[in-house]
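Hi,

Here is the structure I promised to pass on. Have a look, and my notes on the sheets follow below.

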2 protein chains.
Amino acid sequence: MRVTIKDIARAAGVSHTTVSRALRDSEEISPETRARIRAIAESLGYRPNPVARALQGRRTQTLGVVVTRLSDPFHTEVVQGIERVAQAHGYGILLSLSHEDPDKERVIVELLAAKQVDGIIVAASRLGSRYLPMLEALQIPIVLINSHQTGPYVYSVATDNVHGGHLATGYLIRLGHQAIAYIGSRRGGRSNQDRYRGYRQALREAGLTPRPEWVVQGDGRVEGGEAAMRRLLETHPRPTAVFCYNDLTAIGALKAALRAGLRVPADLSIIGFDGLEEGTYVTPALTTVAQPRQQLGRLAAEMLLEILNGRPSPKHILLQGTLIERESCAPPGSSTASR
Amino acid sequence: MRVTIKDIARAAGVSHTTVSRALRDSEEISPETRARIRAIAESLGYRPNPVARALQGRRTQTLGVVVTRLSDPFHTEVVQGIERVAQAHGYGILLSLSHEDPDKERVIVELLAAKQVDGIIVAASRLGSRYLPMLEALQIPIVLINSHQTGPYVYSVATDNVHGGHLATGYLIRLGHQAIAYIGSRRGGRSNQDRYRGYRQALREAGLTPRPEWVVQGDGRVEGGEAAMRRLLETHPRPTAVFCYNDLTAIGALKAALRAGLRVPADLSIIGFDGLEEGTYVTPALTTVAQPRQQLGRLAAEMLLEILNGRPSPKHILLQGTLIERESCAPPGSSTASR
DNA sequence: TTGTATGCGTTATCAA
DNA sequence: TTGATAACGCATACAA
């Protein structure tokens, strides 16, 4: 059987209340008994029962984490960031996958709340505004990652997608490109719109107008990027550079370009978004706008802990992406950089 | 405040015992009151408190999952497989990362046990035989994934690495290769040894003896594969084909080969292990021996649930990998398959 | 069929 | 400084 405070109390000849106090470093206890009880607890291999503690009204020391899919490398980093902070603060994380299903997401969040988690982090929510009524009823602090939702009960950490889109496109422009395409994502929602806005904005500032046929949509994954690039390759004139919604899309675009016999970046520059490790697997390695993914998770977790401890916390944090220059971009028509 | 069975009891004018029974479909209750109480519970928005249930002696309905890193795409799939089964059976999963640190792994497992999880799944354990004494004390069923450990309290699901190594090497031999190298992993432990054994075995059966300089070690990641391949490229004669410990290693090897100006597979065939999605990102797409990763996770979770429900379960399951022919392998000296 | 009393392991409240 | 008692929400042995 498991050792409880009662067992210790019996062994020490005191009440279980005293044991409880001794173990929690209560002020109102004599140093001697404290030490004595602690020694006994130690020798008996006592482990406090977190379930009983939780029932008593205290916290479960558990954070709920909801993610669409783990197979998306973007999320894994976020989760790692969360886990690191949680583990460092003695919290566990209860992980659930929503598979991009808004209904499932809602059920999961309610389930986590029922499970008495102290707080919840949702990455890439698909619930959008349908969240708001829930949140009020739930009575549990929730931090949303990369879901640009505002409202009374909403906390969030997100990357500035407009800035990122502008950064990527501006970089291509500075390289000398004028014919710049955008491969978006049908399933990208608000972040897709924002990256597209950044793209438009950068073009406008440079006095460029993108051809409508140079804006096509993928699905945020490799296959979608591949298909989108194939459509792009049929346009006349062709773009000399492509900004992609994310790295997976860009990897797909790269595959299609290489298949078509193009040299990248000599004939076509490609820039992605996210800063995935996977971008270094391909040849040429992918130039990209990196999102601070671990940090996204870390900040969300830290924010949640602040809230839980009643400390002041900002409600929304917006992070800026950074450009990672690798090999997939070059000035238009330059054959020097090709291999 | 949260609705409890007492609230329902008060509203229904019965004892909380009756409510408890009604909600759990107890036999000893009249259908009418059962229906009435259920309706009231529904209208009040009652949610049973799992913490109280757990304390009462029942299960926490939670599985602990320990993984080294999530950034390794191999593990993410495994975790997805586990999560899927767990979610389908109403279990939550408490995820912890060990970062390949055996001590941390031990602490985590003990922590999960203290948290009252019903069972634990450990993927790619680094603890090895040091586990055995713990397990007996823990009193919690544990399933190990891809950790070839046996012992009284050990359950496991693993892939047959000898078979996989043999499969990969045999495939290269059938393509006509005779000069076949192996890039292993320093950190691969037992699985590295086993894949190497499969490699040796296949060579021996074909009457081939590998040159010692054709067996080099990476680190199971892209960088290690790259470095290892560079060393391989300096050997004379060079191998015409390389079997890599895993796909990340193979991707690194591919990068190095392409950098060196080799055409893959015309000049060099490369085969990986794992069957990662990432293998399709590169050009040429990676031929590989696929491990059934989701299934690994699913089976581990199912095994654990069987044990928890007191149903009979095999103690060890060994899965076989399958060959996925993509584009990175061809007969030696064939320039047809190159692009 | 329903209700009373008790316990799960801990913390909180009040007395002593 | 310590102890007795109640409480958290639920389930169960026993009584009615």
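**Notes on the sheets**

Ile145(A) has Val157(A) as its bridge partner in β5(A). That bridge belongs to the parallel pairing of β4 (142-145) and β5 (154-159) of chain A, which runs over four bridges. Strands here are DSSP runs of E, at least two residues, and helices are runs of H or I, at least four, numbered from the N terminus; two strands pair if DSSP finds at least two bridges between them.

Before going on: this is a predicted model, with local features needing pLDDT of at least 70 and side-chain atom pairs counting only at pLDDT 80 or more, while totals for chains, interfaces and linings use all residues. Residues are numbered from 1 along each chain as its sequence is written, with chains lettered from A and ligands numbered from 1 in the order in which they are written.

The open sheet of 12 strands is mixed, in the order β11(A)-β5(A)-β4(A)-β3(A)-β1(A)-β2(A)-β2(B)-β1(B)-β3(B)-β4(B)-β5(B)-β11(B). At the edges are β11 (316-319) of chain A and β11 (316-319) of chain B, each with a single partner strand, so one side of each has no neighbour in the sheet.

Chain B also has an open sheet of six strands with mixed pairing, ordered β7-β6-β8-β9-β10-β12. Its edge strands are β7 (215-218) and β12 (322-324) of chain B, each with a single partner strand, so one side of each is left without a neighbour in the sheet. Inside that order, β8 (241-244) and β9 (269-274) of chain B pair in the parallel sense over three bridges, and Phe243(B) stands opposite Ile271(B) in β9(B).

Cheers
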